[in-house]
Every structure is written in structure tokens, then in C-alpha cells.
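Thanks for making time this morning.

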Amino acid sequence: MKLATLKDSTRDGRLVVVSRDLTRCSEVGHIARSLQVALDDWEHVAPRLALIAEGIETGAQPTMRFHEHAAASPLPRAYQWADGSAYVNHVELVRKARNAEMPASFWVDPLMYQGGSDGFLAPRDPIVAADEAYGIDMEGEVAVVVGDVPMGASSDTARQAIRLVMLVNDVSLRGLIPQELAKGFGFFQSKPASAFSPVAVTPDELGEVWDGGKLHLPLLVAVNGKPFGKANAGIDMTFDFGELIAHAAKTRSLIAGTIIGSGTVSNKLDGGPGKPIENGGDGYSCIAELRMIETIETGAPKTQFLRFGDQVRIEMQDRTGHSIFGAIEQSVEKYLGAEP
């Protein structure tokens with residue numbers, strides 16, 4: 001089934017079940033007023049929501065029009081948002097561009113940071129920044145929402161805890177990252193609010209393209225209407241979601257509603273760095289990766305980060321060309337509320 005959250009006057013919005021074709025939905029406040037409420041009692045609530053989903057498809061359930069622009073992120077806020085870096089090719093390129101060796105441990109021990117989860121952008125909300133010099137970048141990723149995960153869970157146990165799958169734009173301010181990492185205390189200012197896809201989907205809805213830990217479809221990224229990336233999320237993913245969740249749960253339990261991200265989807269080409277779509281490659285899910293390759297090849301990047309007025313679109317389609325999660329579609333705007 002497919003679930004979404006409609007914006008309203010509350011912080012957590014109104015849960016709805018959405019049709020497979022993303023055109024209709026049914027409110028389910030009598031079952032669970034928000035997605036977090038549903039996740040807290042998933043064993044009892046999910047079967048009731050599934051019946052609503054079945055009724056939508058057969059015409060037995062009353063529906064209303066579903067508009068993606070009316071949707072918040074499926075979880076407008078979450079108890080925890082932890083983002084991994086499962087595509088080690090991406091990490092390797094970052095370090096190579098600055099002539100740094102990548103530790104061998106990165107291939108066996110996932111990287112992960114804890115992001116801000118007190119409020120997420122809606123999928124059609126603008127990306128706002130005070131200054132283009134911050135180096136505004138999108139990062140197209142896949143994310144999962146889990147149920148309760150016990151501390152020390154195995155990767156097999158962790159895979160069973162996956163409740164929902166969705167997409168994310170993990171916005172990065174590249175110009176602020178070096179100074180923050182140099183402090184040795186991780187990201188904060190360089191990682192503003194992320195945006196998630198309009199719809200979150202249960203794994204069973206994905207069929208054969210979901211293998212329990214990876215989603216085997218291209219992630220479509222466009223900038224200003226031009227295709228920028230179509231890297232396959234199931235390829236070159238060194239750590240699957242079971243391994244990422246188990247990593248996060250090594251020293252703590254994870255509470256239902258925790259979101260785990262894959263990190264920037266990134267593919268190699270013939271064993272080496274990927275190429276732009278116009279050059280016969282699958283492109284990139286963030287601008288930084290293209291700039292890294294430009295630096296490696298020519299000694300300096302030439303592609304600019306996002307500018308005010310730019311448009312970003314992130315989507316995934318099934319094998320018949322239909323959108324699965326709806327689209328993250330954001331403009332980049334100057335933040336005007338900052339004090340002088």
C-alpha cells in the first residue's frame with residue numbers, strides 16, 4: 001500500500017492511503033490520525049490500512065483527489081533521521097578529488113551521520129538558503145522507515161523491521177562542510193532540512209524490484225528540466241538497508257518511525273567513475289560528484305552548485321514508466337528572514 005500525509009494546521013498532518021496510480025486517496029483518521037501513530041501500533045493498524053488500500057483499487061472505498069503539492073513529507077517530523085553512505089563509490093570519489101586515501105574500513109563499516117529530524121521540508125517546498133556561496137546541492141537517495149529495532153539486531157532482523165520505503169533529497173551545503181568536518185564533530189549547519197517523496201510505500205508493493213534490502217530501479221534526478229542522473233539504486237550499494245539499520249542499532253534501540261537513508265545513489269561505469277548522461281553514462285544524484293570527477297580529470301570543477309531560481313526534481317518510476325513515490329520537486333530560493 002501507499003501512504004501519504006496531507007498538510008493541515010497540525011505539525012504531523014493527516015494520514016491518507018493513496019491509490020497505486022497516485023491519483024486518489026482516502027482519509028483514515030478513524031484508524032490512525034498520523035503516520036507516526038500508525039507506526040507505533042503497526043501490527044494492528046497496517047492490516048486495517050491495507051483493507052482501505054484494497055477498497056480504493058476496487059472502487060469500494062470512497063476517495064478524493066490526491067494532489068502531490070498538498071502533501072507533506074510522509075513523516076513531517078521524526079524521532080530520528082540517520083543517513084548512511086552505502087554507495088562507497090561516492091565516498092571514494094570525494095576523497096580522491098582532494099588527494100586523500102580512503103581507509104579500507106570504509107568498505108566493511110558503514111559511514112553514518114545523525115541528521116536533524118525535528119522538521120522536514122514537504123516534497124514541493126523550496127530549498128531556502130541565505131547565500132549561494134554555501135554551495136547548495138541536492139542528494140538523491142532512497143530511505144526506509146523502520147518499526148522498533150532492538151539494540152544489537154542482526155542485519156536479517158533489521159530487514160524484517162522495514163515498514164516503508166521512500167525517496168529523499170538530503171540537501172547539503174557543500175561550502176560549509178569542510179569547516180565543520182575540520183572540527184572533528186560532524187555535520188550540523190551544512191545539513192539543513194531534508195525533503196521526502198510525497199508517498200511512502202510498503203515493501204510488498206514494490207514487488208520483485210525490492211529484494212529485502214535494496215531497491216533495484218533507477219533514481220531519476222533532473223535540474224532545470226534537464227536529466228542529471230539515472231543511477232540504479234540497486235547497483236554498487238555496498239551496504240544494504242539491513243546492514244545500515246543494524247549499524248545504527250549497534251549500541252541503541254531504534255524506535256518505530258526512525259528513518260534510515262541510503263546516502264547518495266552512485267554508480268560506477270566499467271569499474272571507474274560514472275559519466276554524465278549526455279556522454280553515455282547514468283549521470284549523478286548530486287552535483288558534488290560531477291565536480292569531483294571534473295577535478296580528477298581536469299584539475300578543477302567547472303559545474304556550479306545550485307543557484308537561486310534553479311529547479312530540482314527527484315523521482316523513481318516502475319518498469320512501466322509510472323511514478324512510484326511521486327516527485328520531490330523543489331525550487332531554490334534566497335532566505336529573506338536572516339538578520340543583517
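T264 sits in the loop that runs between β17 (259-261) and α7 (287-298), where helices (H or I, at least four residues) and strands (E, at least two) are DSSP runs numbered from the N terminus. This is a predicted model, in which local features need pLDDT of at least 70 and side-chain atom pairs count only at pLDDT 80 or more, while totals for chains, interfaces and linings use all residues. Residues are numbered from 1 along each chain as its sequence is written, and side-chain values use heavy atoms, with hydrogens and water left out.

Is T264 buried or exposed? It counts as buried because its relative accessibility is 2%, and buried means under 20% relative accessible area, exposed over 50% and partly exposed in between, with a 1.4 Å probe and protein chains only. Leaving aside neighbours within four places in sequence, T264 is in contact with several residues, among them Y87, H90 and C286, contact meaning heavy atoms within 4.5 Å.

Now to the domains, whose bounds come from an automatic or database domain assignment: that assignment gives domain 1 (1-66) and domain 2 (75-334). The contact takes 18 residues from domain 1 and 22 residues from domain 2. Between domain 1 and domain 2 the count is four salt bridges, each being a side-chain nitrogen of Lys or Arg within 4 Å of a carboxyl oxygen of Asp or Glu. The side chains of R77 and D12 also meet in a salt bridge, at 2.8 Å from N to O.
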